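Please have a look at it first.

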Amino acid sequence: MTSNKDLYSWLHGSWSQLAAYLAQQRIPQSLLITGKKGLGKQQLAQNFVKALLCEQRSIESLACGHCSSCQLFNANTHPDFTVIQPEEAGKSITISQIRGLTDFLLLSSQFNSYRALIINDAHRLTHAAANSFLKSLEEPVEKTCIILISDMPTALPATIRSRCQKLFVEAPDSEVAKQWLQQQQISEDLDILLNMAHGVPLTAQQYANEGILASRKSCFNDWLKISRQQVSPVFIAEQWQKVSDSLILFWMTTWVTDTLKCYFNQNPDKCYNPDFKPSLQELAQRLELKRLFKFYDLLLRQKKRLSSQLNKQLIFEEILINWARLSRK
Ligand SMILES: [Zn+2]
């Protein structure tokens, strides 16, 4: 495996594949890099382009870092390289952003080498932009390399996907992820952080920096208080507006599934919330199974509603009022 010290440890397998393209001079005309958000796909693509454009690439396919091409690349002023991405997070990539591309790709390289383009969040191309971009893929210009990056590749038109070579970046296994988090001086419960981050170390790091575990604990205490009729669900629904809705729904879902696990097995080995186990066991003893299943269905339904942008507070109120009712016998 070729290592590249500029990359996160879990990217070395993917890097080997890219390094082999360089070593064998088989540069993909178009490459689609996919994988979960937060794995460092952009960093991987940038490293590849830098090495592709470098004038004195090493035998391991690494950029030298000091030739004129590398210097321009480091200064973000390389004339043969450009990046296209949504102008603001969450926005689309418009046709006007794509229009200038054809000219860029047709110009000959300033360094008598390749011209390279990265499209970040490629699934954000509008329909018109995607159609216009497709022409660039259908009529490839020699010595150009187009890299598309996406964590939602199925949202890309099949006509674009089918024209690209593909590289899937996998999330690291949990030992690698934990080791990296420890190196970042993160000492919180790494299993719980990684569970929440769906195995993505950078997301886990962000959660640790934002103190998300404390917020999770405080929300779980609210959850218990509602269940003991000690606080109004409507009041808590308002309090929870401050927390990310996808996180809180994920938490509630795991609290309910863990309670169900405790129902069937007093002391389950694997649960999402090992630190809350005594309280979850207590809930399992107190609540009725049939009603718990019904509540779980409601939770999943509300999750769908929330993704369609309905009023967040109303949705939380409905969930928590039902949670309070469930606990009342
Ligand atoms: Zn160089």
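I will begin with the domains, then turn to the sheet, and end with a pair of helices.

Residues are numbered from 1 along each chain as its sequence is written. Please keep in mind that this is a predicted model, in which local features need pLDDT of at least 70 and side-chain atom pairs count only at pLDDT 80 or more, while totals for chains, interfaces and linings use all residues.

The domain assignment, whose bounds come from an automatic or database source, gives domain 1 (9-168), domain 2 (174-207) and domain 3 (211-326). Taken over C-alpha atoms, the centres of domain 1 and domain 3 are separated by 43 Å.

Now to the sheet, where strands are DSSP runs (E, at least two residues), helices are likewise DSSP runs (H or I, at least four residues), and both are numbered from the N terminus. Five strands form an open sheet in the order β2-β3-β4-β1-β5, with parallel pairing, where two strands pair if DSSP finds at least two bridges between them. β2 (81-84) and β5 (165-168) each have a single partner strand, so one side of each is left without a neighbour in the sheet. Strand β1 (residues 30-34) pairs with β5 over four bridges in the parallel sense, and L32 stands opposite K166 in β5.

Finally, which residues of α10 meet α12? In α10 (residues 212-227), they are R216, C219, F220 and W223, which meet I248, W251 and W255 in α12, contact requiring C-beta atoms, placed from the backbone, to lie within 7 Å.

How values were computed:
Axes are lines fitted to C-alpha atoms, for helices over the stretch in contact, and angles run from 0 to 180 degrees between N-to-C directions. Two residues are in contact if their C-beta atoms, placed from the backbone, lie within 7 Å.
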